[in-house]
Amino acid sequence: MTDPLMIWATIAAIGLGTFLLRFSFLGLIGGRALPPWALRLLRYTSVAVMPGLVAPLVLWPAATGGTTDPARMAAALATLLIGVTTRNMLGAIFGGAVVLYAVQFALG
Amino acid sequence: MSPRRTAALRGFRASAPFAIVMLPFGILFGVIATESGLTLPQTIGFSVLVVAGAAQFAAVQMMADNAPVLVIIATALAVNLRMAMYSAALTPHLGTAPGWLRATIAYVLTDQTFAVAAVDYDRRPAQRPGEKAAFFFGSVLPVCPVWYLSTALGAQLGTAIPPALSIDFAVPLTFIAIVAPLLRSPAHIAAAVVSVALALGLAGLPYNTGLLLAAAGAMATGALTEIWLERGVRA
């Protein structure tokens with residue numbers, strides 16, 4: 001895609017659509033309470049979307065052309081373990097980065 | 001200090017660690033966007049208008065591949081469909097705010113701000129809606145402005161970052177670190193496991209529809225596991 005007008009139109013459409021998704025329930029439903037079954041489902045939003053978003057990025061990283069990389073696998077596992085045990089987000093990311101570079105260095 | 005101020009400060013502190021994470025993430029987007037042919041204003045426009053890293057990366061990738069415009073838009077919005085779920089989850093807490101305030105909250109509703117707000121509203125259910133809104137805007141400050149500025153920085157840096165640094169992996173590590181502390185009950189763990197299994201199994205489906213099905217299946221798994229465990233306790 002090279003036409004500047006087309007690029008801006010694409011960006012604007014994604015921006016507007018994303019805003020409408022974010023505004024959907026907040027904007028339309030307002031103060032009305034959601035039914036209990038909906039609240040029960042929504043409790044699992046984060047753990048339902050993010051693991052699925054991440055899994056392919058860990059197993060088939062674009063940076064290696066989709067080939068599974070031991071350093072990235074080890075880093076992801078380290079971040080998960082540190083995150084689950086300490087609940088410290090930054091510590092988990094930092095630990096994962098250390099493992100990533102250590103394994104990359106070890107494997108040359 | 002007024003309760004709203006306290007809440008705003010608490011929000012700021014809760015999401016402050018994200019600033020350090022958003023920095024490489026935004027720089028990476030700026031680098032990748034300019035490398036795939038976008039100008040500096042287009043790259044910054046992307047981050048200001050869309051404010052959603054994963055969707056932006058997906059869109060830029062497909063623009064570079066010359067995918068059809070409608071497919072690019074549909075894919076980016078499919079990646080962002082989770083925002084509607086966040087919107088629904090925040091409605092019981094912020095739904096009574098005035099319309100302009102809800103629209104502003106919607107604009108800055110991201111994975112990060114949602115994650116810290118959901119945890120805070122869970123822990124302090126007695127807060128007034130005004131305090132909850134204040135917490136939310138406090139949590140936006142370390143995220144969105146850093147996102148815009150780091151995108152601009154990355155667009156300037158262009159190709160100067162060596163690939164050996166594997167900066168691409170900052171994205172998945174961030175998501176894992178967000179989710180890990182949430183795995184606090186068997187139902188949450190079951191939902192996460194189903195999400196991973198279905199997302200990998202359905203990865204071949206076109207236009208990110210696999211991720212959407214995986215998310216729906218995982219949410220149902222979490223809710224059903226919760227019901228099942230409650231019944232077990234009662235019996």
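In the unreviewed UniProt entry, the annotation "transmembrane region" covers residues 12-33, 39-60, 67-88, 100-121, 133-154, 160-180 and 187-205 of chain B. The model itself is predicted. Two of these spans can be checked against the coordinates. Residues 12-33 of chain B are 100% helix and 0% strand. The C-alpha atoms at the ends of that span are 29 Å apart. Residues 67-88 of chain B are 82% helix and 0% strand. Here the end C-alpha atoms lie 32 Å apart.

Now the helix packing in chain B. Two packed helices are described by the angle between their axes and the distance between the axes. Take helix H1 (residues 3-35) of chain B and helix H3 (residues 53-64) of chain B. Their axes are 10 Å apart and the packing angle is about 15°. An angle under 35 degrees counts as roughly parallel, so H1(B) is roughly parallel to H3(B). The crossing of this pair is left-handed. From H1(B), the contact uses B:Phe25, B:Phe29, B:Ile32 and B:Ala33. From H3(B) come B:Gly53, B:Gln56, B:Phe57 and B:Val60. By class, the contact of H1(B) with H3(B) has 6 nonpolar residues, 2 polar and no charged.

A second pair is helix H7 (residues 111-123) of chain B with helix H8 (residues 129-140) of chain B. These axes come within 9 Å and cross at roughly 145°. The crossing of H7(B) and H8(B) is right-handed. H7(B) brings B:Thr113, B:Val116, B:Ala117, B:Asp120 and B:Tyr121 to the contact. H8(B) meets them with B:Lys132, B:Phe135, B:Phe136, B:Ser139 and B:Val140. The residues of this contact divide into 6 nonpolar, 2 polar and 2 charged.

Step back to the domains of chain B. The assignment gives domain 1 (3-169) and domain 2 (183-235). Their centres, taken over C-alpha atoms, are separated by 24 Å. The contact takes 7 residues from domain 1 of chain B and 5 residues from domain 2 of chain B. Which helix gives the largest share of the domain 1 side of chain B? Helix H4 (residues 69-79) of chain B does, with 5 residues. By class, the side of domain 1 of chain B that touches domain 2 of chain B has 5 nonpolar, 1 polar and 1 charged residues.

Chain A is also divided. Its assignment gives domain 1 (1-32) and domain 2 (45-106). The C-alpha centres of these two domains of chain A lie 30 Å apart. An unreviewed UniProt entry places "transmembrane region" at residues 6-29, 41-63 and 75-103 of chain A. Residues 41-63 of chain A are 74% helix and 0% strand, with end C-alpha atoms 35 Å apart. Residues 75-103 of chain A are 93% helix and 0% strand. Yet the end C-alpha atoms of residues 75-103 of chain A are 8 Å apart.

Last, the two chains together. How many residues of chain A are in contact with chain B? There are 64, and they touch 77 residues of chain B. On the chain A side, helix H1 (4-28), helix H2 (36-42), helix H3 (45-59), helix H4 (70-86) and helix H5 (89-106) each give two or more residues. H1(A) gives the most, with 19 residues. By class, the chain A side has 44 nonpolar, 15 polar and 5 charged residues.

Definitions and conventions. Residues numbered from 1 in each chain as written. Chains lettered and ligands numbered in written order. Predicted model: local features only at pLDDT ≥ 70, side-chain atom pairs only at ≥ 80, totals over all residues. Axes fitted to C-alpha atoms, helices over the stretch in contact; angles between N-to-C directions. Helix = DSSP H or I, 4+ residues; strand = E, 2+ residues; numbered from the N terminus. Parallel < 35°, antiparallel > 145°, perpendicular 65-115°, else oblique. Left-handed = near helix turned anticlockwise from the far one by under 90°. Contact = placed C-beta atoms within 7 Å. Nonpolar A, V, L, I, M, F, W, Y, C, P; charged D, E, K, R; others polar. UniProt positions renumbered as here; feature names shortened; annotations may be inferred. Domains from an automatic or database assignment.
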